Amino acid sequence: MDPYRIFADIVAGRAPSSKVFEDPDVLAFMDIRPMTPGHLLVIPKVPARSLAELDPVIGGKLFQVGQRLAAALRESEVRCDGVNFFLADGATAGQEVFHVHLHVIPRTPGDGFGLRSRATSPRRADLDYLAASIRGAVQRAEPGGADAQEGTWWLT
Ligand code: 5GP
């Protein structure tokens with residue numbers, strides 16, 4: 001398995017996959033090593049190794065398709081009491097295949113799936129400090145962002 005090419009090979013039909021949805025931009029298929037039965041992957045057809053390389057419009061479509069698949073899972077024969085979405089962006093985040101993919105994971109009680117973390121309880125001042133830093137990064141990345149896009153970026 002080439003972690004840079006396998007999903008491009010699936011898109012091109014050079015590698016096998018069990019497809020559940022396809023449109024001009026997006027493909028969804030069964031994960032070959034499911035974390036729970038029915039585990040799906042939603043990928044862009046264009047090659048994008050990371051979110052930084054992915055057109056945000058296509059990124060939005062990944063979520064739209066994932067949302068429809070979450071509903072479909074609940075109506076299918078897959079056991080599905082809940083659904084988790086998961087996306088690993090970068091090796092440190094657990095990414096193993098370097099073609100962006102959204103995991104859609106059906107959940108049942110006691111299925112063993114979970115995220116490990118060490119949650120903390122920071123002070124409001126610490127949250128505000130990091131929020132300001134992130135706002136600054138948004139402003140630098142998208143100078144016209146607040147006006148050009150719908151919704152509000154809290155930039156001041
Ligand atoms: P990541 O850790 O990068 O978020 O997830 C990669 C996922 O791709 C894993 O869940 C793995 O099982 C799945 N995967 C890797 N190779 C293949 C393949 O050839 N076919 C399919 N259907 N899934 C794959």
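Here is a short tour of a pocket and some salt bridges in this predicted model.

Residues count from 1 along each chain as its sequence is written, and side-chain values use heavy atoms, with hydrogens and water left out. Since the model is predicted, local features need pLDDT of at least 70 and side-chain atom pairs pLDDT 80 or more, while totals for chains, interfaces and linings use all residues.

Stop 1: Select D31, I32, L41, E96 and V97: of the 25 residues lining the largest pocket, they sit closest to its centre. (A pocket is an open set of points on a 1 Å grid over the protein atoms alone, where a 1.4 Å probe fits, with protein on both sides within 12 Å along at least five of seven lines; lining residues have an atom within 4 Å of a point.) Its volume is about 680 Å³, the space filled by probe spheres set on the points.

**Stop 2: R5 and D9.** Show these two side chains and you'll find a salt bridge with its closest N and O atoms 3.5 Å apart; the term needs a Lys or Arg side-chain nitrogen within 4 Å of an Asp or Glu carboxyl oxygen.

**Stop 3: K45 and E22.** Here the salt bridge is 2.8 Å, N to O. The partners are 23 residues apart.

**Stop 4: D25 and K61.** Their closest N and O atoms are 3.1 Å apart. D25 is in the loop between β1 and β2 and K61 in helix α2, with helices being DSSP runs of H or I, at least four residues, and strands runs of E, at least two, numbered from the N terminus. So this pair ties together parts 36 residues apart in sequence.
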